Amino acid sequence: MAAQAEAEEEVRLELEAVAAVYGDDVRVLRDIPPHLVVHVRPRTADDSSQQFVELFLGIKASSQYPKEPPHIYAVERKGLDENRQSYLISSIQSKAKELSNYPMLVTLCEEAGEILSNMNHPAGDCPLCLYPLVGEDKDGSVLPFMKLMSCYHCFHSNCIMRWWEWLQHGDANPKEHKSGVIDPSKGYDLSSSGKHCNVNQHKGFCPVCRKVFDEKDIEHVHDLLGESTSQLASLTLDLGEDEKELLHSEAEQIRRKRIESLLNLQQERNGLIEPKKDLAIQPGMYVTLPPSTSDAAVGENAEPSEDTTTSTSETEQQGQNNTTSNKPKNSGHRRRNRANASRRQPHGQPGRQQWQRKEADTSHQ
Amino acid sequence: MTSSSPSSSSPSRKALSKIACSRLQKELSEWQVNPPAGFKHRVTDNLQRWVIDVAGAPGTLYTGETYQLQVDFPEHYPMEAPQVIFLHPAPMHPHIYSNGHICLDILYDSWSPAMTVSSVCISILSMLSSSPAKQRPADNDRYVRNCCNGRSPKETRWWFHDDKV
């Protein structure tokens, strides 16, 4: 009996050690015998942009632990295909067998991190252009790619940007602009607009898994593509494009718009250092402006599109009113548009409807 | 399944963009290496219109029958869905109209640029294979009457509420 208590104590110490190493990344489902789920990430010095795989690793020990190695399984994975995942799991299983009779929980987690670090690269083809993600184009230059943070699906940066632009502005087809359609069984279905071709502004969905992503998820790609236009030339698969075409490309126009709004914002916040203009000195010219608009900064994170309207000359109170009052206005507008729908379509089995029908108009407000 | 009448006229057919061309060439070469089971691409020099023979799957209502799919690619493929119809005679199916139009969500609202001709073909064959009866959609006559002059099914406002077939 004393031996059993001692063994239990040892397992408890082990669990403490795991908790100490992994902190919030470990979830203990059961103490004795231990059952835990560890969030394992590759070692990329916390640079999330360099992370292409991750795994929630389940370790479930029996009452015979550590004599009997625990059951190892994958709870959830991102960026790992079947092959790499099964290789990872079987490697950890054999490590566990190797370590039978010894406390092994921390070691197993470390092993998983080690293997995952070696697997930290995307595999396969870009789902959009179907050419290899990691590879060279005809000129021998490397095509940059990126991943969506929500699902770790990877695309060539240029390919996903094209999709993003298509979602935001793409449907140039006039039939889309006619009117909304009302689903009589559900009333106005606001949720549907985020999923299909007419997506809310600043939202997109992953072409592979349809997980919704935000504008901020691909913002860094704007930056990347903006870094050098010569690089952009190599990004496009249209290798024959001349520079003029390039400067009129959708990516370039988006980049310009974005930089311009950034510039305006900086100007409004007096954050821009410009060469002095020929201005006559006027009374009150150097009066300090109201304290920095921290509310506006918060609003910026939530609503990146609206903060350009927030001027620093407003007081904090006004700034707040501004951002909060904008939202209901927008949604009210959307609802009105829907109410204008001229076509009403009866249909047979309202309960059965599985897919959303075409939504008109929502992406063009 | 219901459909409303098509609205507005077809947009004029534009040549494929370079991106669309590049992607289609890639799809074609992959198809040639590894075609989806039961499908045969008819070789032409037209990249923008594929005609594909579909063989009814063994053990289904369509065993031994062959149909033809016509796939037309828009300028901005794959951002925009291809137009997929059955050439005459279209198979008798509760989601396939006698003019060849197919009521299948992935061809319209649920299209995603990560889909390929090959994956679309497999979806269509799966839809055929799960058919309980060889019959036309309930609103076939009304729909086909409204689709005169070879309108595209992409002009139709589709309603999808049957997840069984």
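Helices and strands here are DSSP runs, numbered from the N terminus. Keep that in mind for what follows. One caution as well: this is a predicted model.

Let's start with a single residue, A:P42. Where does A:P42 sit in chain A? It lies in a loop. Strand 2, residues 35–40, comes on one side of that loop, and strand 3, residues 54–60, on the other.

Is A:P42 buried or exposed? Buried. The cut-off is 20 or more other C-beta atoms within 10 Å. A:P42 has 21 other C-beta atoms within 10 Å, so A:P42 counts as buried.

In sequence, A:P42 and A:M119 are 77 residues apart. In space, their C-alpha atoms are 8.0 Å apart.

Step back to the whole of chain A. It has ten helices and ten strands. Its length is 365 residues, and 26% of them are buried. Now look at contacts between residues at least 6 apart in sequence. In chain A, 61% of these join residues at least 24 apart.

On to chain B. This chain has three helices and six strands. Along the sequence, the pattern reads β-α-β-β-β-β-α-α-β. Chain B has 165 residues, and 36% count as buried. Of its contacts with a separation of 6 or more, 61% come from residues 24 or more positions apart.

Now the sheet in chain B. In what order do its four strands run? The order is 2-3-4-5, in an open sheet with antiparallel pairing. Strand 2, residues 39–41, and strand 5, residues 83–86, are the edges. Each of those two pairs on one side only. On average, neighbouring strands of this sheet are turned by 25° against each other, direction ignored.

Zoom in on one pair. Strand 4 of chain B covers residues 66–72, and four bridges join it to strand 5. These two strands run antiparallel. Which residue in strand 5 is the bridge partner of B:L69? That partner is B:F86.

Last, what packs on this sheet? Helix 2 of chain B does, residues 117–129. Helix 2 touches strand 2, strand 3, strand 4 and strand 5 of chain B. Strand 3 there is residues 49–55, and the direction of helix 2 makes about 35° with that of strand 3.

That's the tour. Thank you.

Conventions: Residues numbered from 1 in each chain as written. Chains lettered and ligands numbered in written order. Predicted model: local features only at pLDDT ≥ 70, side-chain atom pairs only at ≥ 80, totals over all residues. Buried ≥ 20, exposed ≤ 12 C-beta atoms within 10 Å, placed from the backbone. Pairing = 2+ DSSP bridges. Axes fitted to C-alpha atoms, helices over the stretch in contact; angles between N-to-C directions. Contact = placed C-beta atoms within 7 Å.
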